[in-house]
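Good morning, colleagues. I shall take a few minutes to walk you through one structure, and I would ask you to keep the display in view as I speak.

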Amino acid sequence: MHNDDTAIDAWLGDAADTLTDEQRDRFITIWDDTGTRYPEPEDQDLRNAALSAATQYLLGEATATDAGREIGRLNAALEDAKAAARAIALLAVDDGASEYQLHQDLGVTRRTLRLWLGKDS
């Protein structure tokens, strides 16, 4: 028996009754790994994403290909967001915004902002 069986069953919900003993053992391995990899309270979303994906995989509802597609989709969305942020940064600097405030507002490093502005190479 695993120390967190009650917590695992609560997290799994209805899936707890669906997993075979072997699948449950595999899930527990991921549960332990995820708790170690993402230990902080603010990491809860990461833990939930990992455990949800593991559950879906074990139930045959998700594949590595699905995960790869999601990474590709999100990487493309990130690049779109960066292009938009860069355009706004260029305009905001023209309007007198400070680089310090911009890098904070945009959530990028000052170095990244300066690269976007063509000030560093």
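Let me begin with Leu-90, which touches Trp-116 and Leu-117, leaving aside residues up to four places away in sequence. Please bear in mind that this is a predicted model. Leu-90 lies in helix 5. Is Leu-90 buried, partly exposed or exposed? Its relative accessibility is 30%, and therefore it counts as partly exposed. The C-alpha atom of Leu-90 is separated by 11 Å from that of Lys-119, a residue 29 places away along the chain.

I turn now to helix 5 as a whole. This helix covers residues 64-94, and at 1.5 Å a residue its 31 residues should span 45 Å; the end C-alpha atoms are 45 Å apart, so the two values agree. Which residues of helix 5 are buried? They are Ala-85, Ala-89 and Ala-92, and the buried residues of this helix pack against helix 6 (99-106) and helix 7 (110-116). At the start of helix 5, Thr-63 places a side-chain oxygen within 3.3 Å of the backbone nitrogen of Thr-65. Just after the helix, Gly-96 adopts a positive phi of about 95°.

Finally, I come to another helix pair. Helix 1 (residues 5-12) packs with helix 3 (residues 21-37) at an angle of about 100°, their axes being 12 Å apart. Helix 1 is therefore roughly perpendicular to helix 3. Helix 1 contributes Asp-5, Ala-7, Ile-8, Asp-9, Trp-11 and Leu-12 to the contact, and helix 3 contributes Arg-24, Phe-27, Ile-28 and Trp-31. Of these contact residues, seven are nonpolar and three charged, with no polar ones.

Key. Residues are numbered from 1 along each chain as its sequence is written. This is a predicted model: local features need pLDDT of at least 70, side-chain atom pairs count only at pLDDT 80 or more; totals for chains, interfaces and linings use all residues. Side-chain values use heavy atoms; hydrogens and water are left out. Helices (H or I, at least four residues) and strands (E, at least two) are DSSP runs, numbered from the N terminus. The expected span of a helix is 1.5 Å times one less than its number of residues. Buried means under 20% relative accessible area, exposed over 50%, partly exposed in between (1.4 Å probe, protein chains only). Contact means heavy atoms within 4.5 Å. A polar contact is a pair of N or O atoms within 3.5 Å; within protein, one must be able to donate a hydrogen and the other to accept it, and residues adjacent in sequence count only if both atoms are side-chain atoms. Axes are lines fitted to C-alpha atoms, for helices over the stretch in contact, and angles run from 0 to 180 degrees between N-to-C directions. Angles under 35 degrees count as roughly parallel, over 145 as roughly antiparallel, 65 to 115 as roughly perpendicular and the rest as oblique. Ala, Val, Leu, Ile, Met, Phe, Trp, Tyr, Cys and Pro count as nonpolar, Asp, Glu, Lys and Arg as charged, and the others, Gly among them, as polar.
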